[in-house]
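Hi,

Here is the structure I promised to pass on.

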Amino acid sequence: MHNGSNVATLLTSRIETSGQLQKDIAEKVGFEKPNMITMVKQGKTRLPIDKIGPMAQALEIDPVALFAMCMTEYHPSTWKAIAPFLESAMTADERRMLGAIRSAVGGPIVTAMSDDAKEHFDRFLLALRTPKTIK
């Protein structure tokens, strides 16, 4: 039971597919008691804001996406007030590109990549920097 919580649904799914024990995740996140993981999964308690980064890292979830999801669900009026300022830090093209990469990878972008993919990514970035000659 997630009590309609998108955060709880996402975390439950990622925990189940991670292959990790909840007690190990709780330790990585910094929870004193492993039952906090169960309470968050059930939607009985919110993931504390200061635990979003460690939880994202433990479950290989994009921390910015998890933060946005938590803020949207837990503090919607606060998020509504600050989100436009965060979005304006990037151009529309940058938001589109980053959103596409996050969707494709489904987790922290570089962390989720294999060594081979990282090498291809580095070459892609280099190609963006290399001036092209116009024909």
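**What lines the largest pocket**

The lining of the largest pocket splits into nine nonpolar residues, three charged ones and one polar one. That makes a lining of 13 residues, and those nearest the centre of the pocket are V64, A68, E87, M90 and R102. In volume, the largest pocket holds about 330 Å³ of space. Which helices build it? At least two lining residues each come from α5 (63-74), α6 (76-87) and α7 (92-105).

Before you go further, please keep in mind that this is a predicted model.

**The overall fold**

Of its 135 residues, 24% are buried.

**A nonpolar patch on the surface**

There is also a nonpolar patch on the outside, formed by M97, F124, L125 and L128. Together these four residues have about 360 Å² of accessible area. Helix α8 (residues 115-129) gives the largest share of the patch, with three residues. Is L128 buried or exposed? Its relative accessible area is 53%, and the cut-off for exposed is over 50%, so L128 counts as exposed.

**Two loop residues**

E60 lies in the loop between α4 (52-59) and α5. Its phi is positive, about 55°, even though E60 is not a glycine. As for accessibility, E60 comes out at 43%; that falls between the 20% and 50% limits, so E60 is classed as partly exposed.

K51 is in the loop between α3 (35-41) and α4. One more distance for K51: its C-alpha is 8.4 Å from that of F31, and the two residues are 20 apart in sequence.

That's the lot from me.

Cheers

Notes:
Residues are numbered from 1 along each chain as its sequence is written. This is a predicted model: local features need pLDDT of at least 70, side-chain atom pairs count only at pLDDT 80 or more; totals for chains, interfaces and linings use all residues. Side-chain values use heavy atoms; hydrogens and water are left out. Patches are made of residues with over 30% relative accessible area and no salt bridge: like charges are joined within 9 Å, nonpolar side chains (Val, Leu, Ile, Met, Phe, Trp, Tyr) within 5 Å. Accessible areas come from the Shrake-Rupley method with a 1.4 Å probe; for residues, only the protein chains shown count as cover. A salt bridge is a side-chain nitrogen of Lys or Arg within 4 Å of a carboxyl oxygen of Asp or Glu. Helices (H or I, at least four residues) and strands (E, at least two) are DSSP runs, numbered from the N terminus. Buried means under 20% relative accessible area, exposed over 50%, partly exposed in between (1.4 Å probe, protein chains only). On a 1 Å grid over the protein atoms alone, a cavity is a set of points where a 1.4 Å probe fits but cannot get out, and a pocket is an open set with protein on both sides within 12 Å along at least five of seven lines; lining residues have an atom within 4 Å of a point. Grid points are joined across faces, edges and corners, and a volume is the space filled by probe spheres set on the points. Ala, Val, Leu, Ile, Met, Phe, Trp, Tyr, Cys and Pro count as nonpolar, Asp, Glu, Lys and Arg as charged, and the others, Gly among them, as polar.
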